[in-house]
Amino acid sequence: MTTTSKEMQALINNLCYTYASGTQSVSIVPPAYYAQKLTQRARVYLAQVSDTASSSSSGSAAAPAPAPAPAPGGGPKQLPEIKDELKRSMFYC
């Protein structure tokens, strides 16, 4: 089955009305917005982990939040594991 350009355009247009954080259509398909939100959150999370590690090594008086386990081989920190009940659902914030 081949998809015509009109069918593809209709699909993309309809997807623009499915963005959960808005009440109107958006100009980019929601999966692109969700991917951007995910990367921004991951970047902030990893920055917090790195800030926690640097403040704990400098002798900060505040108790740091527990950091995630380091990746094998000393690479970047791993993100926490997703709970089983959330793996097959979409999570919106």
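A helix here is a DSSP run of H or I that covers at least four residues. Pro30 lies in such a run, helix α2.

Start with the whole chain. The protein has 93 residues, and 11% of them count as buried. Its secondary structure comes to two helices and zero strands. Helix α1 spans residues 5-15, and helix α2 spans residues 30-57. The protein exposes about 7,800 Å². Carbon and sulfur atoms supply 59% of that area. Residues 24 or more positions apart account for 26% of them.

How far can the model be trusted? The mean pLDDT of the protein is 74. A value of 70 or more is reached by 65% of the residues. Over residues 60-64, pLDDT stays under 50. For that stretch the model has three contacts beyond four places in sequence. Where pLDDT is low, the predicted coordinates should not be read in detail.

Go back to Pro30 in helix α2. Is Pro30 buried or exposed? Its relative accessible area is 2%. Buried means under 20%, so Pro30 is buried. Which residues does Pro30 touch, leaving out those up to four places away in sequence? They are Leu15, Cys16, Thr18 and Tyr19.

Pro30, by contrast, is buried. From the C-alpha atom of Pro31 to that of Thr18, the separation is 9.7 Å. Along the chain, Pro31 and Thr18 are 13 residues apart.

Now look at the aromatic rings. How many aromatic pairs are there? The count comes to two. An angle under 30 degrees would count as stacked, and one over 60 as edge-to-face. The pair links distant parts of the chain. Tyr19 sits in the loop between α1 and α2, while Tyr33 is in helix α2, 14 residues apart from it. Tyr19 has 15% relative accessibility, so it counts as buried. Tyr33 has 23%, so it counts as partly exposed.

The other pair joins Tyr19 to Tyr34. Here the ring centres are 5.5 Å apart and the planes are at 35°, so this pair is tilted. Again, distant parts of the chain are linked: Tyr19 in the loop, Tyr34 in helix α2, 15 residues apart. At 15% relative accessibility, Tyr34 counts as buried.

Met8, Leu11 and Ile12 make a nonpolar surface patch of about 260 Å². Where is Ile12? Ile12 lies in helix α1. Its relative accessibility is 39%, so Ile12 counts as partly exposed. A patch residue needs over 30% relative accessible area, so Ile12 passes that cut-off.

Definitions and conventions: Residues are numbered from 1 along each chain as its sequence is written. This is a predicted model: local features need pLDDT of at least 70, side-chain atom pairs count only at pLDDT 80 or more; totals for chains, interfaces and linings use all residues. Side-chain values use heavy atoms; hydrogens and water are left out. Buried means under 20% relative accessible area, exposed over 50%, partly exposed in between (1.4 Å probe, protein chains only). Contact means heavy atoms within 4.5 Å. Accessible areas come from the Shrake-Rupley method with a 1.4 Å probe; for residues, only the protein chains shown count as cover. Rings of Phe, Tyr and Trp (its six-membered ring) pair if their centres lie within 6.5 Å; planes under 30 degrees apart count as stacked, over 60 as edge-to-face and the rest as tilted. Patches are made of residues with over 30% relative accessible area and no salt bridge: like charges are joined within 9 Å, nonpolar side chains (Val, Leu, Ile, Met, Phe, Trp, Tyr) within 5 Å. A salt bridge is a side-chain nitrogen of Lys or Arg within 4 Å of a carboxyl oxygen of Asp or Glu. pLDDT is the predictor's confidence in each residue, from 0 to 100.
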